[in-house]
Every structure is written in structure tokens, then in C-alpha cells.
Amino acid sequence: MAVLNLGILAHVDAGKTSLTERLLFGAGIVDEIGSVDEGSTRTDSLALERRRGITIKAAVVSFPVGDRTVNLIDTPGHPDFIAEVERVLSVLDGAVLVVSAVEGVQAQTRILMRVLRRLAIPTLIFVNKVDRGGARYDDLIAEIATKLAPAIVPMGSVAGIGTKGAVAVPFGPDDVHFVERLVELDDELTAAYLAESDLPYERAWQTFAQRSRRGLAHPVFFGSAITGTGMDALVDGIATLLPTAVADAAAPVCGTVFKVERGAAGEKIAYVRMHAGTLRLRDRLPDSGDKVTAIEVFADGVSASRQEVSAGSIAKLWGLNGIRIGDAIGESLSTAERYFAPPTLETVVLPTCDNERGTLRAALDQLAEQDPLIDVRQDETRREISLSLYGEVQKEVIQATLAEEFGLDVAFRETTTINVERVVGVGSAFEIIAVAPNPFLATVGLRIEPGPIGSGVRYRLEVELGSMPYAFMKAVEDTVRETLAQGLHGWQVIDCVVTMTHSGYYARQSHAHGSFDKSMSSTAGDFRGLTPLVLMAALARAGTRVHEPFHRYQLEIPTEAFAAVLPVLVRLRAAPLMSDIRGRTHVLTGDIPAAEVHGLERRLPSLTSGEGVLESVFDHYRPVDGPAPDRPRWDHNPLNRKEYLLHVQRRV
């Protein structure tokens, strides 16, 4: 049976989990529809998810649609858990992006669609909540075309929109405007239609379906996950307008681990999407040597024990003790790519009982298995453990998880912003082997310069690849990336190009008739030791500028609160860029420093009598005005940066 790995994505509260419940009910997987408010949904299985009414962890459930098996992956909608969404993207064949008919296109919706289009993931759009007051149709279609994707095709209308009796009415071959919209998406069809004026509907539909399965057109369905209207049309769209997995069970094994969790006995369980080949029970992974001790494949609403898992399917694997999120099973599909911005906040977590520090670190390491981007790090001098965060809700969830799953009572220091450094000029440095004061048996020369925004760290060679052993070359590149985790002011250096300009080593040598002599031979350790010195010297010559993260916000407030809110926004360096009045509501859009978002959230209820609604997502970095701030607690890195900088200053 063909398999479709389908992601359900949305801005928080658009009705994504309710839609999942309706799809499972329609497929006969559940006997009754669960409620998010009552904490009875199938995919929100964590007690914390049920209590809060939000999805925190991606969940997989399977159901049949026609002649295909759909592995549905329900993802978090809250921006604090965007990392969970990112891990799912690499395993999807298609997606359903849920939009609220009332709130329309929201900040997170735009970010999700931007990434889906960049990755060419075929995507259906489902407009939910057509039965709620304030639901829109015509202007929402225009909003979707403007803010999400121009190549959209509304698949039906809604009778009684905005009322409890709203009914989704699908278009068909007799709807002239619908057929014309299908034709407009393809130049050849348009020409044929103009020439013949009577184009067969079947031809137009097939062309549209092909474009949809390639991610070049996006069908827009309307309905309600609560009442069920519009569900049949959406299910038909899932069956006909999205592609199934390309599966070659005989190819070499290739899979991606997108989720890791712990079982009841503390054992590690890896969720893997198989891209190619067949993985069998008791197979060993070539890299780690770990043996697969159990396999459960998702099918018909459950994960069932199997002897093997083949290409296209999603399975849970046991026995892989060294596995991490993002690891390849067998052959690597591609290098890891960042789709969303990294966390922009950090905090220090402290146990209430001082003698529980070791237990706390072990617990956080387990949480980092499930979410590596929290980046657990320990300052041995201050005996502090730091975490990276997307927002305050994530911090609250971590605190509750530590209490409920590990019995640890913890407190957090005030959240601070994670700035970054960008290179402002070009700087070069080198150290020659056996030339004082170089203490290492290695020659390394590096040049660093600015790179395009969003490009990350790019590493290049101006020396011959064969001029040194590969292990030495790799040691330099790996150490360059590690060293740039802290720049001149202690912040991560981003968006730059590092070029290796000099290289040299002493080949493996020994005394006459003697054994290997380390004092006469270069090792990878020499290059790992020298590279940070050379790179920091080059960076000091190039110079860096500290940038702080800014969020794009949308703020809805009563019109009478505008006079009170505007001065606060100005003081927070968040003066609105756009303003729109919708009845009694003033909608403000602008940029706000990430450091000020939580403060605005705290003040908003009193400024707006509890009616203000703030949405914000990371948008860009902006240069810091005034003196560049050094990173607090600037000795997390095991390398002693102060000694490096003193050394660099002496040599520059």
C-alpha cells in the first residue's frame, strides 16, 4: 500500500489538533472525537499537553485513505516549540496548513508557509472554523494569495459562513469560474482554452492535480473540524492532490531520526522515516554498531510490532542507545539544514536543593535528547547550568516537566537575550610550524570575511585538499565552527566566510629503528589547538559588531487603548510600522526587540483591560546601538577565551 507522510501545521489555536481528531474519526480510528479543552485528544498524549490545551511534542498516528496509508504527524503550533516542527519537515511528503477563518493569516502561518514553499513540500490549505462568528471568505482568499502563496485555488464556497449552520459547498465541473481558475495556473491550458473556449474539465483537473502534487499550486479547502463540514472534500484532496512516498525497498538503507523519547523503563526510542531500503530486526547500524532490538511500524491508528520497516514508512526503533535527533540510519540523505531561526533567549536553571545539581544535569541531558536546541551547557566555575529558549512558555513547560517526570523543583534566573556577532571587515592570520611562538606542530592560515545574511558559516580552501591528511583538514574545519560559537564579545559569530590560506604538517616520524615519536609528528590535536588562536587573531583584525534579535509583532487592541499603548511601544523601541482599524479594533504591526517581548506581554492586560492580543515571531537581527554588550557568564566554553584575546591583542 502506498504511504503518505503528512504534516499538519498551523499557528497556535487555528484548530490543528481538532482537525487531526476529525480525520481520525472519519477514518474509523477513534470512536468519538476528542476535545482539546477536555484533554481527550489522541495526539496530545502528554499530561502537560492535556492540561495546557496545546501541542508540545510532535505525534504520529496512522489511518487509511482509499488505497494509501497516511502517517499523520501533528505538530506544535506555539512558536516556542518551532524546533519540533523543524525536525518533522525533513520526513514529510506533503502538508496541510491550517488557517483560522476568523483570525486569518497569522505570523506563524506565514513563516510555516515560507519554509514549506522553500522546501517544495506539496501543501493543501485548510481554512477552519467557518462556523464561528467573524469567519471570512472573499477577503480571506485575497489575504492568503497575498501573504502565503499566489498560486492558490479555492476548492469550494461556504453557505451561511460565520454561523453554527455553516456548510462547505465544493466546486465541480459545472462551476465556470472554478474551471477557469484551474486553467489560469498553466500557460498551455490557458492558450488552449482561449483557442477552443471549451476545454475538457478532466484535462484541466489532471493538470492542476499534477501541479499540486509538485507543490506548484495550493488547493484551499473550507470547513470546520468541530462540525465536520468540508471534511469529505479535504480527505479527497489528501488522497488525490498530494504525492505518496517514493519508496525503493531494495536500495541501501537510508532513514532520518526526527524524534527521540524515553519509554516506561527509561529506554531510548527513536522515530525514523525510512527514505530507502529495508531495516530489519537485529540489524546493526554501521556507524555506532548499535543493534535494532525491536521495531514498531505505524499502521491503522497504532504502532504494531514488525520484523522490518521498509522505505516510505515511519517506525519506532529500540536498541539504538547512541542515537540522536537528526541522525541518519544507514546512508545520509543530505546535510542538516536550518529552516527556522535558532532560540534567541537563554536562562540559568537552579535546583532548589543544592545537592541535586548532578541529578538536574542528567535530567536536562535527557530533555536535550528530545530537543537539542535547548543547548544544555554548564559553567563549572559558577556551577550554573544554562539553557537556550524560544520563549517563556517553553521555560514553564521545562519547569513542569522536571517536576512531574524527574521530581525536581527548580527555579530560573531572569531570561536574557542571545545576541550574535557579525564580521564587519576582512582579517587574516597565520602561524607557521616550528616558528616561535607557535607551540604546535602545525601550520594554519585563515581569512575571515562577512557572508550573505542567512548564509551561516561557510568554510573554503585556498590550499590543495591533498596538501594534508584528511583528518587534519577536518580537524581545522570542525574547530573553526566550534570556535565561532563565541566571538570577540562572547556571542556566536554568524554569516561569515572562513578560508584556509596556509597549511603544513610534519609527517609521521620515528627515530631510527624506533617507534612513533609524537614530538616529531603532527597530530589532529595540534591543529585543534592552533586553529582557535589563528582564527581569533583573524577575527580581531576583521572586527565584529553585536546584533540583537528583533521579533515582528502584530498587536490587536481596543481603539480606546491606542493612546495608552503607543507611548509604551515607543519606549520599548517597538513603534508600529503599520496600523489598521477594523471596527473597534486597532491592529498594529511592527518590530520589537526580543528582550522586550515578555515585558510587553506582562503590561498588555492592564493597558487594554485584558483585551489586547499580542503575536510575535523572530524576524531579523539588528545592530546594537551604543557600546557592544559582552555576553554574561562568558566562560561556558571550555576554551579559555580571555587568554586567547590577550594573546591576540599582543600579536595584533
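Helices (H or I, at least four residues) and strands (E, at least two) are DSSP runs, numbered from the N terminus. This is a predicted model, where local features need pLDDT of at least 70, side-chain atom pairs count only at pLDDT 80 or more, and totals for chains, interfaces and linings use all residues. Residues are numbered from 1 along each chain as its sequence is written, and side-chain values use heavy atoms, with hydrogens and water left out.

**Entry 1: α14 and α15**

I looked up helix α14 (residues 562-571) and helix α15 (residues 594-608). Their axes come within 10 Å and cross at roughly 165°. That makes α14 roughly antiparallel to α15. (Under 35 degrees counts as roughly parallel, over 145 as roughly antiparallel, 65 to 115 as roughly perpendicular, and the rest as oblique.) The crossing of α14 past α15 is right-handed: the near helix is turned clockwise from the far one by less than a right angle.

Which residues of α14 and α15 meet? From α14 I list A564, V565, V568, L569 and R571; from α15, L600, R603, L607 and T608. Contact means heavy atoms within 4.5 Å. I sort these residues into six nonpolar, one polar and two charged. (Ala, Val, Leu, Ile, Met, Phe, Trp, Tyr, Cys and Pro count as nonpolar, Asp, Glu, Lys and Arg as charged, and the others, Gly among them, as polar.)

**Entry 2: the sheet**

I traced an open sheet of six strands with antiparallel pairing, in the order β14-β13-β16-β11-β10-β17. Two strands pair if DSSP finds at least two bridges between them. The edge strands, β14 (302-305) and β17 (328-330), each pair on one side only. Neighbouring strands are turned by 35° against each other on average, direction ignored.

Strand β10 (residues 254-262) pairs with β17 over three bridges, in the antiparallel sense. T256 stands opposite A328 in β17.

**Entry 3: α10**

Helix α10 (residues 357-370) lies across β10 and β11 (268-276), and runs at about 145° to β10. α10 also packs with helix α11 (residues 392-406), at an angle of about 110° and with axes 11 Å apart. That makes α10 roughly perpendicular to α11. Their crossing is right-handed.

What makes the contact of α10 and α11? L360, A363, L364, Q366 and L367 of α10 meet I398, T401, L402 and F406 of α11. I count seven nonpolar, two polar and no charged residues here.

Notes
Axes fitted to C-alpha atoms, helices over the stretch in contact; angles between N-to-C directions.
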